[in-house]
Amino acid sequence: MVAGTRLDSLDPHYREGAACVQTGSGFFRAQSRPSRDLSVLLAAHQATHAQGPQHWLDLMAGCGIRGLRWGLESAPQSPHPLALWLNDADPERRVSLQANLNPLSGHDGVDLTLTQQPAERLLRQAYLDQRRFDLIDLDAFGCPNGLLQSALAVLRFGGVLILASTDGRSPTGHDRASAVRRFAAAARAHPSSWELALRLQLAALAREAWMLGRGLEPLACFSDGRTFRLAVRLQRRVRADAEAQLGLLARCEQCGDQAVQPLLKLSGWRACACNPQEGRWAVSGPLWLGPLQSPSLVQELLTLSEAMPQTLVPQGRRLLERLQADPGLPVCCWSTDELAQRLGLAGPPSLRRLVQALRGDGYSAVASGVMAGQLRTDAPWKVLLQRCADLA
């Protein structure tokens with residue numbers, strides 16, 4: 001199947017986890033199942049730690065498969081009742097949504113609400129009605145930044161926001177004017193472009209939360225190159241050192257060296273590895289300099305999946321295992337292909353051996369869970385190149 005295709009010509013009955021739905025003629029990607037698996041596991045995790053009734057919102061429900069899986073797979077993990085709200089602004093989806101969600105009718109412990117409103121109107125009305133949610137999934141088409149503050153305003157303390165964006169051009173440096181408009185940031189082309197996009201989106205989320213006087217904890221951030229996905233937990237207060245997580249990332253387009261500065265300590269940039277007359281920093285940000293995920297939370301999700309055998313497919317398990325092994329720090333990432341090219345090697349060095357060598361030198365190093373064939377390390381650029389040459 002072609003990625004992102006309309007499924008008119010395919011079997012209209014699609015099975016995933018405990019759900020069977022008619023996808024209809026709307027936009028649907030079967031390949032996005034790992035992200036839906038994560039959403040179901042996060043919902044189940046919220047359910048198992050709930051102190052009372054749960055309120056979950058699927059803001060852009062599409063064919064309803066995510067909400068249906070929440071009701072069939074996640075809700076049974078909670079001893080408390082669940083108020084499940086699914087919304088999609090497309091009036092043509094109502095009949096298929098109702099049909100797909102029929103298995104939840106009369107489902108013990110699940111109170112289902114189905115609406116068709118513009119997302120912004122629903123969120124603002126929920127705020128006026130003092131309605132709060134423990135889980136919100138905002139699976140947007142394009143850039144979701146216009147909805148961030150409204151979504152965070154109706155998210156309960158300790159609640160989880162799962163965010164998706166299909167805006168890949170502006171945060172990866174391919175549309176710099178749009179990056180300024182949408183993220184109030186500079187975005188320059190970078191070998192670790194997916195990571196750059198995730199950090200710019202996290203920075204936008206954090207600023208919106210801080211303006212509400214609330215804190216933010218990243219739980220899991222990843223991408224398949226066309227959709228950028230983040231899961232964050234809303235905290236009651238802003239951490240004392242939270243502002244240190246916002247800063248700038250610089251990369252020399254000539255030599256490949258990188259540097260990071262928090263905004264709180266921003267000063268002149270150090271010299272890169274080039275000769276003084278040759279180097280030139282290309283700066284991106286402000287972006288998020290903190291962790292991208294919570295390894296302990298991801299491990300809890302993996303453990304929880306053992307009791308939910310229908311939920312996690314092998315591809316989703318491999319994704320979670322990669323994220324669990326990579327907290328997202330240090331910030332600077334390098335592609336092994338770029339390292340090999342700069343050294344004139346026939347092929348990239350072994351990522352595993354390179355990580356081990358850098359750790360043996362006393363530096364922090366880990367394989368990136370965001371982009372394959374990349375590592376993150378705090379080793380100086382010249383040391384990194386030397387270790388690559390040694391391995392060759």
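1. C332 is buried, its relative accessible area being 10%; buried denotes under 20% relative accessible area, exposed over 50%, and partly exposed in between, with a 1.4 Å probe and protein chains only. The closest cysteine sulfur to that of C332 belongs to C333 and lies 7.9 Å away, which is too far for a bond. A disulfide is a covalent bond between the sulfur atoms of two cysteines; the criterion applied here is a pair of cysteine sulfur atoms within 2.5 Å.

2. How many disulfides does a search of the whole structure find? The search finds 0. C63 is accordingly in no disulfide, and the nearest cysteine sulfur, that of C20, is 11 Å away. C63 is also buried, with a relative accessible area of 6%.

3. A word on the basis of these values is in order. The model is predicted: local features need pLDDT of at least 70 and side-chain atom pairs count only at pLDDT 80 or more, whereas totals for chains, interfaces and linings use all residues. Residues are numbered from 1 along each chain as its sequence is written, and side-chain values use heavy atoms, with hydrogens and water left out.

4. Helix α10 spans residues 336-343, and T336, E338, L339 and A340 are buried within it. Helices (H or I, at least four residues) and strands (E, at least two) are DSSP runs numbered from the N terminus. Contact here means heavy atoms within 4.5 Å.

5. Both ends of α10 can be described. After the helix comes G344, which has a positive phi near 70°.

6. Two packed helices are described by the angle between their axes and the distance between the axes. The axes are lines fitted to C-alpha atoms, for helices over the stretch in contact, and angles run from 0 to 180 degrees between N-to-C directions. Angles under 35 degrees count as roughly parallel, over 145 as roughly antiparallel, 65 to 115 as roughly perpendicular, and the rest as oblique.

7. For α10 and α12, the axes come within 10 Å and cross at roughly 80°, so the two helices are roughly perpendicular to each other. L339, R342 and L343 of α10 form this contact with W381, L384, L385, C388 and A389 of α12.

8. Helix α1 (residues 33-48) packs with helix α2 (residues 65-74) at an angle of about 45°, the axes being 9 Å apart; α1 is therefore oblique to α2. Residues from α1 in this contact include R36, V40 and A47, and those from α2 include I65, W70 and E73.

9. Helix α1 also meets helix α8 (residues 295-305), with axes that come within 10 Å and cross at roughly 95°. These two helices are therefore roughly perpendicular to each other. On the α1 side the residues are L38, L41, L42, A44, H45 and T48, and on the α8 side L297, E300, L301, L304 and S305.

10. S35 is found in α1 and counts as buried at 12% relative accessibility. Its side chain reaches the backbone oxygen of S32 at 2.6 Å. Leaving aside neighbours within four places in sequence, S35 is in contact with F222 and R229.

11. Is D167 buried or exposed? D167 is buried, with a relative accessible area of 8%, and lies in the loop between β7 (155-165) and α6 (176-183). Its side chain makes polar contacts with the side chains of S170 at 2.4 Å and R182 at 3.1 Å. A polar contact is a pair of N or O atoms within 3.5 Å; within protein, one must be able to donate a hydrogen and the other to accept it, and residues adjacent in sequence count only if both atoms are side-chain atoms. Not counting residues up to four places away in sequence, D167 touches G142, C143, R182, F183 and F228.

12. R251 is placed in strand β10 and is buried at 12% relative accessibility. Beyond residues up to four places away in sequence, R251 touches several others, among them H190, D257, W281, E338 and R342.
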